[in-house]
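Take a moment to look over the sequence and turn the model around on your screen. Then read on, and we will walk through it together.

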Amino acid sequence: MRLWIAWPISLLIALWLCGAAANAPDAAAELLRLSGVESQMLTVRPQILNGLESAEFGLGQEDLDRLQGVINQQFADAALREQSLGILRDRWDETHSRAALDWLNGELGRRITALEEYASTTEGAVEMQGFAAELQAAPPRPGRVELLDRLNRAFDGTRMAVDTTMAMALAVAVAANAAGPEEQQLDGSTLRERIEAGRGLMTQQMQQVLVVYYLFTYHDLQDEEIARYADFLESDAGDWYVDALSAAYLQPVVTRSLSLSAAIEKTGDTRAN
């Protein structure tokens, strides 16, 4: 009799625990959102499509329509987010992630994320152009530039910006290559090598662009606030945060870019049949 009573009680406890787990907040999803990476991923597909539509490739409308359909599927927002979450969970560290979430949920962390997200919008990009022109007449203080350079080093900003740009370029190159005559098509590794060959020049150019980007993005922050941001990024938790979120953002773009050729070939096989 006691066993009969104990069984449903233990079952209720198990069900309660399962329900609690199901209702518990997803820390990885929260980190992806609060970091701004989730909103940045929404710009991946439009940037690839814009690159593909450039006059450089001279693609016909039929090819564009076919490639756009594949890219819309390959780089769908939900698919990118799910893959990013998987990468982030694989790299998860409970202690460091909690410290990162505490920072991001803090007043300064929320302000910084809002500034970074605005800078990535169309409105922010337009405003940044005007800001860059103003810098010609009113150069920033050397101390401010040095502080922002420290921030850039803390989250390896130059490499991240270059890697992101090259990942987008790889997707565009793979798609355009797949639309060309079969005898002229290059394999994925060759395309990647050609894009990588431009890394040095792109790094130099990106360093100049990032000076303007940082000055604009963080212009509302005091020097002390920027220093606090750098302090966090230079900590053990910040180091984990940078590595984990960089991988969560970049790896899905690269892997999906390299598999674009196969996805495009499938559409050609479907049409042939």
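This is a predicted model: local features need pLDDT of at least 70, side-chain atom pairs count only at pLDDT 80 or more; totals for chains, interfaces and linings use all residues.

Helix H9 has an outward face, turned away from its buried side, that carries the exposed residues Thr122, Glu123, Val126, Gln129, Gln136 and Ala137. Here, buried means under 20% relative accessible area, exposed means over 50%, and partly exposed lies in between (1.4 Å probe, protein chains only). Helices (H or I, at least four residues) and strands (E, at least two) are DSSP runs, numbered from the N terminus.

Which residues of H9 (residues 122-137) are buried? They are Gly124, Met128, Phe131 and Leu135. These residues cover an arc of only 65° around the axis, so they sit on the same side of H9. The arc is that of the directions from the helix axis to the C-beta atoms.

Residues are numbered from 1 along each chain as its sequence is written, and side-chain values use heavy atoms, with hydrogens and water left out.

**The whole chain**

The chain has 16 helices and zero strands. Of its 273 residues, 40% are buried. Contact means heavy atoms within 4.5 Å. Among the contacts in the chain with a separation of 6 or more, 85% are between residues 24 or more positions apart. The chain exposes about 15400 Å², and carbon and sulfur atoms supply 55% of that area. Accessible areas come from the Shrake-Rupley method with a 1.4 Å probe; for residues, only the protein chains shown count as cover.

Now find helix H11 (residues 157-179). Its 23 residues should span 33 Å at 1.5 Å a residue, and its end C-alpha atoms are 34 Å apart, which agrees. The expected span is 1.5 Å times one less than the number of residues. Because 20 of the 23 residues of H11 are buried, this helix is largely enclosed by the rest of the structure. Thr164 is found in H11 and is buried, with a relative accessible area of 16%. Leaving out residues up to four places away in sequence, Thr164 touches Tyr249 and Leu250.

A nonpolar core is a set of buried Ala, Val, Leu, Ile, Met, Phe, Trp, Tyr and Cys residues joined through side-chain atoms within 4.5 Å. In the largest nonpolar core, which has 82 residues, Tyr218 and Tyr241 touch the most other members. H11 gives the largest share of this core, 15 residues. Not counting residues up to four places away in sequence, Tyr241 touches Leu31, Ser35, Ala100, Leu104, Phe232 and Leu233.

**Helix H14**

Phe232 and Leu233 are also among the buried residues of H14, together with Glu225, Ile226, Ala227, Tyr229 and Ala230. What do the buried residues of H14 pack against? They pack against helix H7 (94-105), H8, helix H10 (142-154) and helix H15 (236-258).

**Salt bridges**

Side chains of opposite charge can pair when their charged atoms come close. A salt bridge is a side-chain nitrogen of Lys or Arg within 4 Å of a carboxyl oxygen of Asp or Glu. A search of the whole structure finds 17 salt bridges, including these:

| Pair | N to O distance |
|---|---|
| Asp77 and Arg45 | 3.5 Å |
| Glu225 and Arg111 | 2.7 Å |
| Arg159 and Asp156 | 2.5 Å |

Asp77 lies in helix H6 (residues 77-90) and Arg45 in helix H4 (residues 44-52), so their pair ties together parts that are 32 residues apart in sequence. Glu225 lies in helix H14 (residues 223-234) and Arg111 in helix H8 (residues 107-119), so this pair ties together parts that are 114 residues apart in sequence. Glu225 is buried at 12% relative accessible area, whereas Arg111 is partly exposed at 27%.

Arg159 is partly exposed at 32% relative accessibility, and Asp156 is partly exposed at 33%. Both belong to a network of salt bridges that links Asp156, Arg159, Asp163, Glu196 and Arg199.
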